[in-house]
Amino acid sequence: MHNSQAVVAEQFDDRVQQHEAASLGMWIFLATEIMFFGGLFTGYTVYRNLYTTAFETGSHLLNARIGALNTAILIASSLTMALAVHSAQTGKRAKLIFFIISTMCLGAAFLLIKFFFEWTHDYAEGFVPGLHFTYAGPHASHVALFMCFYFIMTGVHALHMVAGEGVLTVLLIMAWRGRFNQERYNAIEMMGLYWHFVDIVWIFLFPLLYLLGARF
Amino acid sequence: MSEHIAPLKIYFFVFVALMVLTLLTWRISYIDLGQWNTVVALLIAVCKASLVAAFFMHLRWSASVMRLVLFAAIFWLSILISLTIGDIFSRHVLPQPQSWHAAAAITNPSATAQGR
Amino acid sequence: MSSQEIAIEPKLNYLNCDYSIKSWLLTTDHKRIAWLYMMAITFFFTVGGIAATLMRLNLLEPQGLLVEPETYNKLFSIHGIIMVFFFLVPSIPAVMGNFLLPMMLGARDVAFPKLNLLSWYIFMTGGSLVLYTVIAGGVDTGWTFYTPLSTLYLNTHVMAAAGGVFIAGFSSILTGLNFVVTIHKMRAPGLTWFRLPLFVWAMYAASIIFIIGTPVIAISLFLIVVERIFHVGIFDPSLGGDPILFQHLFWFYSHPAVYVMILPSMGVISELITAFSRKRIFGYHFVAFSSVAIAAIGFLVWGHHMFISGQSVYAGLVFSALSMAVAIPSAVKVFNWTATLYKGSISYEAPMLYALGFIGLFTIGGLTGLYLATTGLDQHVHDTYFVIAHFHYIMVGGAVMGYLGGIHYWWPKMTGRLYPDGWARVAAIIVFVGFNLTFFPQFILGYLGMPRRYAVYPPEFHTLNVISTAGASILGLGYVIPLIYLAWSLRYGPIAGPNPWKATGLEWTTSSPPPTHNFEETPIVTEEPYRYDRLAEEIHVA
């Protein structure tokens, strides 16, 4: 086990300062992510308002049921992530490992559904601009613009999830080796913040992409 | 120890609330509310995001500077979106003033035939 | 300090503790990382400067002396990309911010030292990609990458250039993150916010811009790459896209970016003016708040780059008014520096010459910015040499002078050596003269209608262009001279001692060069900064 000296990095005075610095650092990083996705939301907002009908048409081409399922899966993964942080804070190694694995599985389920169910289906139907776009209805180029934003926004989101899965793998290995305890769990907590943020992005993506224009 | 350990109950309540809100937003999209569909959907999304931020991300128990960071990002993002949208939607607001048409008609009658 | 001391620093410091290459390339010491950045940006400045030299040589003749127009397009593009993203944006924050921030706060290092090193490697990766762009044949979009030219019509290395800038952006983001956390969480006991040196306030404001603005240019460059690969139509009018959307996303960062380039320089000037007039800053709170105000309001004015792009007239109105507002905090600073000088005990060492030059040249640059913010006038001078002169007055007359002044001021702290001040003053004056000769004629050229980014021009502009090029050669000389005497000083310069300028500030309380952990003991702060009045009493007593 590590002695308490090694728990605090040498630029910090104590654990409290280290923890606060880590939290503030992660929140600032999330602020940059808000602005990064924000640029995409800006473009989306512009075109959504310019081409409202075409965007609604495009939205109807997506499967809202699958989108809702994926939303539920991601929320569940946020729960397991929060429970993982709790386990780390209370020093429960077995639970920590269990909840990290659960989070990873739920995240993987989300990605599998997205890539191997939705996107393959979209490609087969000819909804992918630049690669295979055969939609021939009215305002096809504006519908293509919708699809652009759909693929770019969910794609960038998925990239963030893949990166998250990578970091979770590293944390899993560290947890397995007993590197976390009640005094030393910053990394888990910071990863939790990141994971919840990725969930929040999806919470906005789901209605804006899948639920446009009522389906009645 | 300044790090707050939230009681597990809270996580489960928030989880249930999030699931309910997800179901709600999905089903409401099948009801015709006209313009309000978007507003309702976004409001529900903001509620869900707030729950995740406040409880899963511990913002409720964090130092105020974290909240400041979040609100700063939201504030400046709204500046980006609103001023950009403001440009897009004010591009063709006012037609040319009537007096210009009148002046043009006097000096060059044939040109005004093509005017907007 | 006795002048007969032998030229060996006896104590272990951050430079002599380990001489191996590995200890430099794997360092997490903020002071060594500052040197890594300094070497890098000096290199990039040279590359960007060579591009500028070729441009100005070409402009010696109306029909273009040196290069084809296509090549000229590549020259100004590379000049802009490298100077903006790989020199100006990192210069003071990454070099002086990294070196000084922890010391001014009384800390041992920044909050995340390993992240700091990673930032440098990310910066070098981005820079390498841009250098590859140069070698592979260049890019000719201008540093502004406007669509649809960059996405539809060009066959040059747009993606590599955009990629290089995209990657380097993360270096800025992480540096800004590091600085904000360090300032919030690692101040020494007693160091409240209003006891911070103004340089720290400037770093804080610049860091806010790094954090909020840089991701937006990242996404805009990302969209360019996506559009080039997939031809999807995001910015293509024929498919419903809006090219001006790109400009909104681009300038949302790139305008605040210019404040990133000037705010740290203003922070340096606050330090120099107080030190070399031996006086407290006039209106500390005003100067501190104006830094934050510039950062905040700076995010509201980006549309003033787009008055004639097709943006709505009403948006133009709003952006014009807000642009007037952003000039106010800058003016506040100029007034406060001037008031600080008044009845100060002024001495004219090289750093002070740079600072005084800054005040004058920045004022000219800032005032001409107001002309450009006026939509009616901008109609005529947009995309002319008037704009070029305006921003070079700010960027070179302002930011670079601040950088050079800061280098000269803190050189003794960083190296433990003094440079020959006589040569330094000569160089400063040469820079000032050369700069004005280069860029003042460009105000006139722009006003008379000479467009920017043109390899050729009508014969009536010949004389002014020749003067400008002549000035540029003098300016270049002024930049080369410090390289020589600063390098010389490393080996032959007199030992500096901890506080050769008798300045206030925590960084001057530790040895020169400082030990790796900056302070033997964490300092405790009990008073406001710039207490030169008290320092004068102590010297009289001693």
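## Close-up views of a three-chain predicted model

**View 1. The fold of chain A.** Along the sequence, chain A runs α-α-α-α-α-β-β-α-α, with seven helices and two strands; helices (H or I, at least four residues) and strands (E, at least two) are DSSP runs, numbered from the N terminus. Please keep in mind that this is a predicted model, in which local features need pLDDT of at least 70, side-chain atom pairs count only at pLDDT 80 or more, and totals for chains, interfaces and linings use all residues. Residues are numbered from 1 along each chain as its sequence is written, while chains are lettered from A and ligands numbered from 1 in the order in which they are written. The C-alpha atoms of chain A occupy a box of roughly 70 × 30 × 30 Å along the principal axes. Of its 216 residues, 52% are buried, meaning that 20 or more other C-beta atoms, placed from the backbone, lie within 10 Å of the residue's own.

**View 2. Helix H3 of chain A and its packing partners.** In helix H3 (residues 52-60) of chain A, the buried residues are Ala54(A), Phe55(A), Thr57(A), Gly58(A) and Ser59(A). They pack against helix H2 (15-50), helix H6 (140-176) and helix H7 (186-210) of chain A.

**View 3. The largest nonpolar core.** A nonpolar core is a set of buried Ala, Val, Leu, Ile, Met, Phe, Trp, Tyr and Cys residues joined through C-beta atoms within 7 Å. The largest one here has 275 residues, and those with the most contacts inside it are Ile28(A), Ala31(A), Val200(C) and Leu263(C). Helix H3 (residues 69-105) of chain C provides the largest share of this core, 23 residues. Domain 1 (1-62) and domain 2 (64-116) of chain B both contribute residues, so the core lies between them; these bounds come from an automatic or database domain assignment.

**View 4. Around Leu263(C).** Beyond its neighbours within four places in sequence, Leu263(C) is in contact with Ala202(C), Ala205(C), Ala206(C), Ser291(C), Ile294(C) and Ala295(C). Contact here means that the C-beta atoms of two residues, placed from the backbone, lie within 7 Å.

**View 5. Where chain B meets chain A.** This contact takes 41 residues from chain B and 40 residues from chain A. On the chain B side, helix H1 (8-28), helix H2 (36-56) and helix H3 (64-89) each supply at least two residues, and H3(B) gives the largest share, 13 residues. By class, the side of chain B that touches chain A holds 31 nonpolar, seven polar and three charged residues. Ala, Val, Leu, Ile, Met, Phe, Trp, Tyr, Cys and Pro count as nonpolar, Asp, Glu, Lys and Arg as charged, and the others, Gly among them, as polar.

**View 6. Where chain C meets chain A.** Here 31 residues of chain C are in contact with 29 residues of chain A. H7(C) gives the most to the chain C side, with nine residues. That side has 21 nonpolar, six polar and four charged residues.

**View 7. Stretches to view with care.** Where pLDDT is low, the predicted coordinates should not be read in detail.

How values were computed
A residue is buried if 20 or more other C-beta atoms lie within 10 Å of its own, exposed if 12 or fewer, and partly exposed in between; C-beta atoms are placed from the backbone.
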